Amino acid sequence: KQWYQRRVRENGEDYSGTTSTTLTGRTCMNWNQIVLEGELYQETTPGEYALGNHNMCRNPRGEKAVPFCFAEGDKTKSATVSFCFAYPGCDKCTGAPDRLRSCNPSDCRYVDEGSASRTDYYWKNCHATCCAAAGCT
C-alpha cells in the first residue's frame, strides 16, 4: 500500500499529519492567514478543526474528499484550494463493483477542486477500479 493510506482514513477529516505541499508541489499557506482573511468558511473557532499557526494539510469538517490546503496563487490568481492527497483512505473501499463498463484508473485521482465532483462520480461508479488505483486491493 502507498504511504498516504497509512495516514489518511476515509476522507482525512481526522488527518493531523505534517504534509504541507499540494499534489502539484505548491507550498501550503498558513491557516491563520486564511482564517484571518475570511477565506475559510468565515470560521471563528479554527482550533476546533486542528487549524492554527501552521500550513499542514487538513480537511476541516470533512467537507472535501481528501485533506487540502490553500496554496499561494501565481500573480494572476488568488489563493486556491489544492488537494494534498490523490486518494481517500483504503477504509473507503467497500468491495463494491464497478457500475460503468469502462473505468479508467486515472479518473480516480483527486487533482483539484475544479475536478472534484467529476472524481467523486468515478469513485461512486468505478469503485473497484478506484480502489485498485489507490493501491487498496
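Buried means under 20% relative accessible area. By that cut-off Cys90, with a relative accessible area of 14%, is buried.

**Disulfides**

The count comes to six disulfides. A disulfide is a covalent bond between the sulfur atoms of two cysteines. With the bonded cysteines numbered in sequence order, the pairing reads 1-3, 2-4, 5-12, 6-11, 7-9, 8-10.

| Disulfide | S to S distance | Torsion about S-S |
|---|---|---|
| Cys57 and Cys84 | 2.0 Å | -80 degrees |
| Cys90 and Cys136 | 2.0 Å | about -80 degrees |
| Cys103 and Cys126 | 2.1 Å | -75 degrees |

What is the handedness of the Cys90 and Cys136 disulfide? The torsion about its S-S bond is about -80 degrees, so the disulfide is left-handed. The link of Cys57 and Cys84 is left-handed. The link of Cys103 and Cys126 is left-handed too.

Now the positions. Cys57 sits in the loop between helix 1 and strand 1, and Cys84 in the loop between strand 2 and helix 2, so this pair ties together parts 27 residues apart in sequence. Both Cys57 and Cys84 are buried.

The next pair links distant parts of the chain. Cys90 is in the loop between strand 2 and helix 2, Cys136 is in the segment after helix 3, and 46 residues separate them. Cys136 counts as buried at 14% relative accessibility.

Cys103 lies in the loop between strand 2 and helix 2 and Cys126 in the loop between helix 2 and helix 3, so their bond ties together parts 23 residues apart in sequence. Cys103 is buried at 18% relative accessibility. Cys126 is buried with a relative accessible area of 1%.

**Nonpolar core**

The largest nonpolar core has 31 residues. Tyr87, Tyr110 and Trp123 have the most contacts inside it. Strand 1 (68-71), strand 2 (80-83), helix 2 (116-125) and helix 3 (127-133) each supply at least two residues of this core.

Tyr110 counts as buried at 1% relative accessibility. Beyond residues up to four places away in sequence, Tyr110 touches a set of residues including Leu23, Val66, Phe83, Pro88, Thr119, Asp120 and Trp123.

**Aromatic pairs**

The structure holds six aromatic pairs. In one of them, the rings of Phe68 and Phe70 have centres 6.2 Å apart and planes at 70 degrees, so the pair is edge-to-face. Phe68 is buried at 1% relative accessibility, and Phe70 is buried at 6%.

Phe83 and Tyr110 also form an edge-to-face pair, 5.8 Å centre to centre with 70 degrees between the planes. Phe83 lies in strand 2 and Tyr110 in the loop between strand 2 and helix 2, so the pair ties together parts 27 residues apart in sequence. Phe83 is buried, with a relative accessible area of 1%.

Trp31, Phe68 and Phe70 form one aromatic cluster. Lys64 lies over the face of Phe68, at 5.8 Å from the ring centre.

**Helix 1**

Gln33 belongs to helix 1 (residues 31-36). Gln33 is partly exposed, with a relative accessible area of 33%. Gln33 and His54 are 21 residues apart in sequence and 9.5 Å apart in space, C-alpha to C-alpha.

**Confidence**

The mean pLDDT of the chain is 81, and 77% of its residues reach 70 or more. Over residues 1-6 the pLDDT is below 50. This stretch has 15 contacts in the model beyond near neighbours in sequence. Where pLDDT is low, the predicted coordinates should not be read in detail.

Conventions. Residues are numbered from 1 along each chain as its sequence is written. This is a predicted model: local features need pLDDT of at least 70, side-chain atom pairs count only at pLDDT 80 or more; totals for chains, interfaces and linings use all residues. Side-chain values use heavy atoms; hydrogens and water are left out. A nonpolar core is a set of buried Ala, Val, Leu, Ile, Met, Phe, Trp, Tyr and Cys residues joined through side-chain atoms within 4.5 Å. Buried means under 20% relative accessible area, exposed over 50%, partly exposed in between (1.4 Å probe, protein chains only). Helices (H or I, at least four residues) and strands (E, at least two) are DSSP runs, numbered from the N terminus. Contact means heavy atoms within 4.5 Å. Rings of Phe, Tyr and Trp (its six-membered ring) pair if their centres lie within 6.5 Å; planes under 30 degrees apart count as stacked, over 60 as edge-to-face and the rest as tilted. A charge sits over a ring if NZ of Lys or CZ of Arg is within 6 Å of the ring centre and within 35 degrees of the ring normal. pLDDT is the predictor's confidence in each residue, from 0 to 100. A disulfide is a pair of cysteine sulfur atoms within 2.5 Å.
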